[in-house]
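Dear colleague,

Please find below the structure that I am handing over to you, together with its sequence. My notes on what was found follow directly after it.

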Amino acid sequence: MPFLGGVGAKFSHNLCFSLLSMVLGEACSIPNDDTLAGKAKDPAHLYQQNMIESIGSPEEIVKLKQSYGAWMVDLGNRTDEKIWIAEHFTGHIIKEYQDLNALWNGNYTTIELPWSYYGCGHAIYNNALYYQRVGRNIVVKQERNQERKPKNCLSIGKCSRMYLFSTSKSYFSIAVDENGLWVMYLSWPDAHIMVAEVDEETFSVLRHINTTYPQSKAGNAFVAGGVLYITDKNHMHVAFAFDLLLSPGSNATLVPVLAMLSYNWLNKHLHTWEHGFLIQYPVHFLV
């Protein structure tokens, strides 16, 4: 189901909502976190370069059978046209398509993971798949073409029976933007949205950021330009924008999302999985 439209709806409507003129939601406090010291940038520069101004009209890529899943491209390689699909919110098979034509024609090879994944918050970055191992509060870094079980496993947060985002059946959501690798998870027991900045090479946490935004109000989220955008529970707008580099809280407006939401910084598009529809939306930044 595309944003604000029915299943199979034609995408003739314009979804260019201004993040500046339509301010909704509640303001959230700035966390008192001394690990953010030295990360601040000039606010004016950050505002002009990093904030999203609007989201363009959706483009349907393909319709699949599963209501839940994740579709991914390598966010560290501009020239790689491959597409990877993880169907459903748990499984151990990843489908690899050489390009869009292969996806449309249903031509793929399969990759069998040593451990099953859970959720719809996976990511591929610099030839490695990052995913949550089922039944564990760890994120696995699985190098492509790696036959043995990976040794790169990162424990993040404490075990929680509460989903990070209930509509995506995810306990973790892994994001990649221009600044690198981020992992979203829940604090416990207060259930606030947390973000871990992860060093890709050492696969270790550089810092934990508490946005103080309650899970009970969050629908889904993505990271773009160092800013975390959180949608409301009903997927009708972005209720909260949090600068992970400067760390102020602010409000913004966007459009809804369902199972999966991630940002492709290489071509500046949002990728979503909406009731089996693989959709992408162009993102326009302030200039």
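D177 is located in strand β10; strands here are DSSP runs of E with at least two residues, and helices are runs of H or I with at least four, both numbered from the N terminus. Please note that this is a predicted model, in which local features need pLDDT of at least 70 and side-chain atom pairs count only at pLDDT 80 or more, while totals for chains, interfaces and linings use all residues. Residues are numbered from 1 along each chain as its sequence is written, and side-chain values use heavy atoms, with hydrogens and water left out.

D177 has a relative accessible area of 1% and is therefore buried (under 20% is buried, over 50% exposed, and anything in between partly exposed, with a 1.4 Å probe and protein chains only). Its side chain reaches the backbone nitrogen of N179 at 2.8 Å and makes a polar contact with the side chain of W182 at 2.9 Å. A polar contact is a pair of N or O atoms within 3.5 Å; within protein, one must be able to donate a hydrogen and the other to accept it, and residues adjacent in sequence count only if both atoms are side-chain atoms. Beyond its neighbours within four places in sequence, D177 is in contact (heavy atoms within 4.5 Å) with residues including W182, V223, Y263 and W265.

Strand β10 belongs to an open, antiparallel sheet of four strands, in the order β10-β11-β12-β13. Strands pair if DSSP finds at least two bridges between them; β10 and β11 (residues 180-186) have five, in the antiparallel sense. Within this pairing, I174 has V183 of β11 as its bridge partner.

Turning to the aromatic residues, the whole structure contains 11 aromatic pairs. Rings of Phe, Tyr and Trp (its six-membered ring) pair if their centres lie within 6.5 Å; planes under 30 degrees apart are stacked, over 60 edge-to-face, and the rest tilted. Y118 and Y163 are stacked, at 6.4 Å centre to centre and 15° between the planes. Y118 lies in strand β6 (residues 109-125) and Y163 in the loop between β9 (153-155) and β10, 45 residues apart. The rings of Y163 and Y171 have centres 4.8 Å apart and planes at 40°, so this pair is tilted. Y118 is buried at 15% relative accessible area, whereas Y171 is partly exposed at 22%. Ring pairs join Y68, F89, Y118, Y163 and Y171 into a cluster.

Yours sincerely
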